[in-house]
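Hello,

Here is the structure we talked about. Please have a look at it, then read my notes below.

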Amino acid sequence: MNNATLPEISVVMPVYNAEKYLNEAIDSVLNQTYSNFELIILNDKSTDSSKAIIESYLAKDSRIVFIDKETNVGPANLRNQGFDLARGTYIALLDADDIAKPTRFEKQIAILKYNPEIGVCGTWFTTFGDKEKNKVLQHPEKHNQIKVNFLIDCTIGNSTAFFRKNILDDIRYDKEYVPVEDYHLWSRLIVKTQFYILQETLVDYRIHDSNISQTKIDNVKRSNRRIKIGLLKQFGIEEDNPNINTFIHLIEGQKGLDFEEIKLVSECYNHFINQNNILENFDATLLEKMLQKSIGRIIRKASKQSNSQIKFYKEKFAQAYSKLAFSDKVLIQIKAIF
């Protein structure tokens with residue numbers, strides 16, 4: 001096949017027992033206003049009618065590439081195979097139970113074509129489902145804010161992701177991080193390229209009982225910790241740092257800390273600011289704003305309060321303490337008394 005016939009976009013869709021939703025997902029791709037794409041559907045040995053549904057589309061649209069797995073390998077490995085098979089300059093992701101709005105590809109490819117510094121483009125998305133009220137998930141638009149927010153949590157919806165294939169190099173999803181393997185992937189890419197989030201809903205994200213994020217909760221906390229440890233390297237903080245837990249407590253706004261732990265938080269805060277002033281990996285103003293917000297939560301949710309702690313807050317955390325709501329300050333004073 002010569003270059004003139006290559007698709008510009010490769011859409012990667014993993015499928016496992018998705019018969020209830022698969023038609024909607026496939027149709028939402030095939031009906032895009034931007035049509036120069038291939039749709040790579042990878043069936044993970046489904047035991048329902050998913051395979052038959054996919055095959056019915058094969059006869060109707062030559063843009064579909066069907067991979068039928070003989071053994072179940074999991075969504076992370078399926079997406080990785082999709083990356084390897086992709087012939088497009090750009091890769092778009094969509095899960096088999098989600099729905100892309102008709103103009104999604106048209107709008108995302110325009111962002112990347114006219115902004116060569118941007119490697120990954122996401123969008124807002126709307127959650128929906130039988131027991132779910134529609135809710136728009138709004139993420140920040142610009143890279144600097146996205147990067148700071150990544151210290152706390154994943155700031156791009158996986159089914160909204162649209163990116164240049166060449167930024168991947170050897171980076172792939174790691175099944176050891178399921179169900180937050182997407183957070184792990186993007187946390188490694190965000191140090192390589194700029195991210196951008198379109199400020200409109202271009203994907204509907206379905207919530208239901210079989211969502212993988214609902215069935216593998218036990219691995220979330222452990223994986224999130226490992227991801228954050230990787231992100232802390234941007235401050236020169238390695239995993240063997242004796243205060244590694246306190247650094248994580250600070251960025252997460254950990255509740256239930258005692259006074260001694262809160263004193264360590266103050267030292268780690270100063271280290272964050274000083275290291276960033278040297279390394280300049282984060283926007284200083286946005287980073288400080290995020291850390292101050294986390295400190296406010298730590299103060300409010302301390303395991304105990306005392307007059308000496310309040311004095312400490314006013315001296316070491318003056319900015320965060322001053323921004324607490326009046327009601328929070330009253331509760332802290334009451335707890336200190338009783």
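Predicted model: local features only at pLDDT ≥ 70, side-chain atom pairs only at ≥ 80, totals over all residues.

Helix H1 spans residues 22-30, and its buried residues are Leu-22, Ala-25, Ile-26, Ser-28, Val-29 and Leu-30.

**H10 against H12**

The axes of helix H10 (residues 259-279) and helix H12 (residues 307-316) come within 11 Å and cross at roughly 5°. That crossing makes H10 roughly parallel to H12. On the H10 side, the contact uses Phe-259, Ile-262, Lys-263 and Ser-266. H12 brings Ser-308, Gln-309, Phe-312, Tyr-313 and Lys-316. By class, that is four nonpolar, three polar and two charged residues.

**Aromatic rings**

The whole structure holds 16 aromatic pairs. One of them is Phe-163 with Trp-186, edge-to-face, at 5.6 Å centre to centre and 75° between the planes. Phe-163 lies in strand E8 (residues 162-164) and Trp-186 in helix H6 (residues 181-189), 23 residues apart. Both are buried. Phe-235 and Phe-272 have ring centres 4.6 Å apart and planes at 75°, so this pair is edge-to-face. Phe-235 sits in the loop between helices H8 (220-231) and H9 (244-252), while Phe-272 is in H10, 37 residues apart. Phe-235 and Phe-272 are buried.

Phe-163 and Trp-186 also belong to an aromatic cluster with Phe-83, Phe-150, Tyr-173, Tyr-183 and Phe-195. The charged end of Arg-79 sits over the ring of Tyr-173, 5.3 Å from its centre.

Best wishes

Technical notes. Residues numbered from 1 in each chain as written. Heavy atoms only, no water. Buried < 20%, exposed > 50% of the residue type's maximum accessible area, 1.4 Å probe, protein only. Helix = DSSP H or I, 4+ residues; strand = E, 2+ residues; numbered from the N terminus. Axes fitted to C-alpha atoms, helices over the stretch in contact; angles between N-to-C directions. Parallel < 35°, antiparallel > 145°, perpendicular 65-115°, else oblique. Contact = heavy atoms within 4.5 Å. Nonpolar A, V, L, I, M, F, W, Y, C, P; charged D, E, K, R; others polar. Phe/Tyr/Trp six-rings, centres within 6.5 Å; stacked < 30°, edge-to-face > 60°. Lys NZ or Arg CZ within 6 Å of the ring centre and 35° of its normal.
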